[in-house]
Amino acid sequence: PVGETKDVACAWAVPRGTADGHFEVRFEVWNPHLLYKGPEPRLFSDSGWIGGFFVVGEALRGRDKVFISYSWDGADHEGWVRELAEELGKYDIECILDKDQAFGGDEISHFIEQGLKRSTAVLLICSENYTKKANSRKSGGVGFETVLYSHEYMACTPRQRARFIPVVRNNGLRGKIPRYLGSVKYIDMSAGEWRSAPMLKLVQAIKRQSRTRKT
C-alpha cells in the first residue's frame, strides 16, 4: 500500500574458490505493469552503484593485530576511528586503541612500544591535525608518538617499513602524511564509501604484512 514500508533482506551464494574481491550493488524499484495493467514499466527508484560487499578468500583469513595511531580531533573523528576498528574486526583483524586498552597509571611510552611489538601493522590516521602535530613533534600526544614511530621506522629495512600504513581522511594539506614517511603510498578514506574499495586495499596491505612476517 502507498506510504507503507517493508524491510527486505538479500542473500548471495558465493562459489567456492572465489578470489578476494569487492562487489558493487545496485537496487532498482520498478512497477509491475502487467499486474496493475499499467501502460509500461516505470522506474520508481534507483540507488545507483554503491559499496556492496566483499568476498574474503583464504589469503585474507587469519587473526592479525593492528595498532591505531590517531589524534583526538573531536567526537566525530574518534567515532570514525572506532567504526574503522569495527569494520576491520569483520576481517579477523584485532585493533589496539588507546582509549580501550590504556588505563590510568599506564606508562604511555611502554603502551606504544608493546603495541608496536604485538602488531602486524601500524595504522596512522592522517587527519590534517595529526599530520601537523607529527611534523611539529611537540611534546605530548601525537608529537610524542611520532618520535617513537620515526625511530622505529628508520631502524627498519624498506620491506619492514611497509607495516606503517598511512590512512588519510579530513586532510586538506598538500603533504598529507608525516614527513618522516617520505613518499610512502597512503590509503585515502576521505570519501563516504570508504568501506568499499579503500577498505579492501587496507585489509590487503595488513594481510600482506602478516605473510611477510612469517617468511
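The largest nonpolar core here has 25 residues, and I68, L88 and L202 have the most contacts inside it. A nonpolar core is a set of buried Ala, Val, Leu, Ile, Met, Phe, Trp, Tyr and Cys residues joined through side-chain atoms within 4.5 Å. Buried means under 20% relative accessible area, exposed means over 50%, and partly exposed is in between, with a 1.4 Å probe and protein chains only. Two or more residues of this core come from each of strand 5, helix 2 (75-89), strand 6 (93-96), strand 7, strand 8 and helix 8 (197-214). Another core, of 17 residues, lies apart from it, and I96, I112, L116 and Y153 are among its members.

Some ground rules before I go on. This is a predicted model, in which local features need pLDDT of at least 70 and side-chain atom pairs count only at pLDDT 80 or more, while totals for chains, interfaces and linings use all residues. Residues are numbered from 1 along each chain as its sequence is written, and side-chain values use heavy atoms, with hydrogens and water left out.

Now the overall picture. The protein chain has 8 helices and 9 strands. Helices (H or I, at least four residues) and strands (E, at least two) are DSSP runs, numbered from the N terminus. Of the 215 residues in the protein chain, 37% are buried. Among contacts with a separation of 6 or more, 69% are between residues 24 or more positions apart. Contact means heavy atoms within 4.5 Å.

An open sheet of 5 strands runs in the order 6-5-7-8-9, with parallel pairing. Two strands pair if DSSP finds at least two bridges between them. Which strands are at the edge? Strand 6 and strand 9 are, each pairing on one side only.

Strand 5 (residues 64-69) pairs with strand 7 in the parallel sense over 4 bridges, and F67 has V122 as its bridge partner in strand 7. Strand 5 also pairs with strand 6, again parallel and over 4 bridges; there the partner of V66 is C95. Of the 6 residues of strand 5, 5 are buried, so this strand is largely enclosed by the rest of the structure.

Strand 7 and strand 8 (residues 164-168) run parallel and are joined by 5 bridges. In strand 8, L124 has P166 as its bridge partner, and I125 stands opposite V167.

Why is strand 7 (residues 121-126) described as largely enclosed by the rest of the structure? Because 6 of its 6 residues are buried. In a regular strand the side chains alternate between the two faces of the sheet. Here A121, L123 and I125 are buried on one side of strand 7, and V122, L124 and C126 are buried on the other.

Helix 2 is next. Its 15 residues should span 21 Å at 1.5 Å a residue, and its end C-alpha atoms are 21 Å apart, which agrees. The expected span is 1.5 Å times one less than the number of residues. The buried residues of helix 2 are H77, W80, V81, L84, A85, E87 and L88. Seen down the helix axis, they fall within an arc of 165°, so they line one face of helix 2. That arc is taken from the directions from the helix axis to the C-beta atoms. On the face turned away from the buried side, helix 2 carries the exposed residues A75, D76 and E86.

L88 belongs to this helix's buried set. Setting aside neighbours within four places in sequence, L88 is in contact with V66, I93, C95, L123, M199, L202, V203 and I206.

T131 is in helix 5 (residues 128-136) and counts as buried at 1% relative accessibility. The side chains of T131 and N171 are joined by a polar contact of 3.4 Å. A polar contact is a pair of N or O atoms within 3.5 Å; within protein, one must be able to donate a hydrogen and the other to accept it, and residues adjacent in sequence count only if both atoms are side-chain atoms.

I177 is in the loop between strand 8 and strand 9 (187-188). Is I177 buried or exposed? At 11% relative accessibility, I177 counts as buried. Leaving out residues up to four places away in sequence, I177 touches T131, along with C126, P166, V168, G182, V184 and Y186. I177 and L124 are 53 residues apart in sequence, and their C-alpha atoms are 8.8 Å apart in space.
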